[in-house]
Amino acid sequence: MKNRKGVSIVDVAREANVSAATVSRVVNNIDKVKPEVRQKVLDTIRDMGYSPNHAARALVKKKSNCIGIIVNNLHDPFFHDLIKGFEMSAQQTSYAVMFCSVLGGDVASKEQYVRYLTNGVVDAVILYGSYLSDQSVIRYLKDIRDVDYVMIEDDVPELECNKLLIDNFGGAKKAVEYLVKKGHRRIAHICGSPNKKVTKERMDGYQEAMRNAGLEISEGYVQYTSTDYRSGYACANALLDLQQPPTAVFCSDDAIASFAVRAALDRGLRVPEDISVMGFDNQTILPDHYRGPDITSVNQPLYKIGMDSVKLLSERLNSEEPMKPVRKVYQTEIVEKETVSECKVG
């Protein structure tokens, strides 16, 4: 066995007594190599510890076989199912995935990642988020012609690209309709980050469902969080301080809902007996060591979206014919758990 360090394709060819072209065909899984020769080359590669120089191959082929994924704060438990979907789909294709995390939603960092990845580092990009502050990033992507990309949760009209979207408006309507069926009439809403388009979509769905049910949105029944979901705690307390507090609260996401539940429990209230709380996302892991009742929520299929985004790009990158951009909207469903019950207040 030779030294594993610095073994080249020529060294493998010499050891296996074949041409360098034959070794290259085996490494790149190209046919036209006899089975017994292929096995001999593979055995030699294993014994010598040869590893292809992927960077050099990428320069020659102008392909990296890698997909870049940009998200805001990869450490957020919200991304658990989505990341699992990305990775599982990558294992089923010939592509690796590279994650870039933008802490604090810094637009300059996000734009820097996009410029870096689209400069030959990856073959395609997945951008997650619906942030209103992403306009400079979107303008840059709009001018790119030689890199495929997918935008998840951002339906920018002027941008013709692959878009995988959640029916946030319809999901919020379902949530309020579900609460109405449980007998609730005094239903409040705690909004999400003002920097997200999904926040407006879910607010619009809440308002539409309340109108359809003939229910009034009392003064103070809509509370606005900051960019931090922890402010859901203060918002819930503001609702509970009202002269006529709501019997149910629909929160823009599960992280906010978890803090609304904490606020109610800290005041000695029971959830859902005294107040019902509903979330959105059906998040697998909740933040800050949440230990309250399981939150009834609106499920969005994050795992499937992660799977589909990588699969979609793999199909497009391997297609010999140009493909039109895909726009797909995923439906939501109510997941009943422990924080919503029948209303017992008139």
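Pro-272 lies in the loop between H11 and S9. The element names come from DSSP runs, numbered from the N terminus: helices are H or I runs of at least four residues, and strands are E runs of at least two.

A word on what you're looking at: this is a predicted model, where local features need pLDDT of at least 70, side-chain atom pairs count only at pLDDT 80 or more, and totals for chains, interfaces and linings use all residues. Residues are numbered from 1 along each chain as its sequence is written, and side-chain values use heavy atoms, with hydrogens and water left out.

## The chain as a whole

The chain has 12 helices and 12 strands. Its radius of gyration is 26 Å, well over the 20 Å that the globule rule gives for 346 residues, so the chain is more spread out than a compact globule. (That radius is taken over C-alpha atoms, and the rule is 2.2 Å times the number of residues to the power 0.38.) The C-alpha trace spans about 85 × 40 × 30 Å along its principal axes.

Of the 346 residues, 49% are buried. Here buried means under 20% relative accessible area, exposed means over 50%, and partly exposed is in between, using a 1.4 Å probe and protein chains only. Among contacts with a separation of 6 or more, 73% are between residues 24 or more positions apart; a contact means heavy atoms within 4.5 Å.

## Helices that pack together

Here are the helix pairs side by side. Axes are lines fitted to C-alpha atoms, for helices over the stretch in contact, and angles run from 0 to 180 degrees between N-to-C directions.

| Helix pair | Axes | Angle |
|---|---|---|
| H10 (232–240) and H11 (254–266) | within 7 Å | roughly 50° |
| H6 and H7 | 9 Å apart | about 20° |
| H5 (80–91) and H12 (302–317) | within 7 Å | roughly 35° |

On angle, under 35 degrees counts as roughly parallel, over 145 as roughly antiparallel, 65 to 115 as roughly perpendicular, and the rest as oblique. H10 and H11 are therefore oblique to each other, and H10 passes H11 in a right-handed crossing. H10 brings Gly-232, Tyr-233, Ala-236, Asn-237 and Leu-240 to the contact, while H11 supplies Ile-256, Phe-259, Ala-260, Arg-262, Ala-263, Ala-264 and Asp-266. By class, that contact has 8 nonpolar, 2 polar and 2 charged residues. For the classes, Ala, Val, Leu, Ile, Met, Phe, Trp, Tyr, Cys and Pro count as nonpolar, Asp, Glu, Lys and Arg as charged, and the others, Gly among them, as polar.

H6 and H7, in turn, are roughly parallel to each other, and their crossing is right-handed. (Right-handed means the near helix is turned clockwise from the far one by less than a right angle; anticlockwise makes it left-handed.) On the H6 side you'll find Val-107, Lys-110, Glu-111, Val-114, Arg-115 and Thr-118, meeting Ser-136, Val-137, Tyr-140 and Leu-141 of H7. The tally is 5 nonpolar, 2 polar and 3 charged.

H7 (residues 135–142) has Ser-136, Val-137, Ile-138 and Leu-141 buried. Those buried residues pack against helix H6 (107–121), strand S3 (124–128) and strand S4 (148–152).

H5 and H12 also cross in a right-handed way. Residues from H5 in this contact include Leu-82, Phe-86 and Met-88, and those from H12 include Leu-302, Tyr-303 and Met-307. The contact of H5 with H12 holds 9 nonpolar, 4 polar and 3 charged residues.

## Loop residues to look at

Several residues sit in the loop between S9 and S10. Phe-280 is found between strand S9 (276–278) and strand S10 (297–299), and is buried, with a relative accessible area of 0%. Its C-alpha is 9.1 Å from that of Asn-168, although the two are 112 residues apart along the chain. Asn-282 belongs to the loop between S9 and S10 too; it has a positive phi of about 55° although it is not a glycine, and it is buried at 17% relative accessible area. His-289, again between S9 and S10, has a positive phi near 55°, but at 65% relative accessibility it counts as exposed.

Elsewhere, Lys-182 is in the loop between helix H8 (168–181) and strand S6 (187–191). Lys-182 is buried, with a relative accessible area of 19%. Leaving out residues up to four places away in sequence, Lys-182 touches Glu-336, Val-340, Ser-341, Glu-342 and Cys-343.
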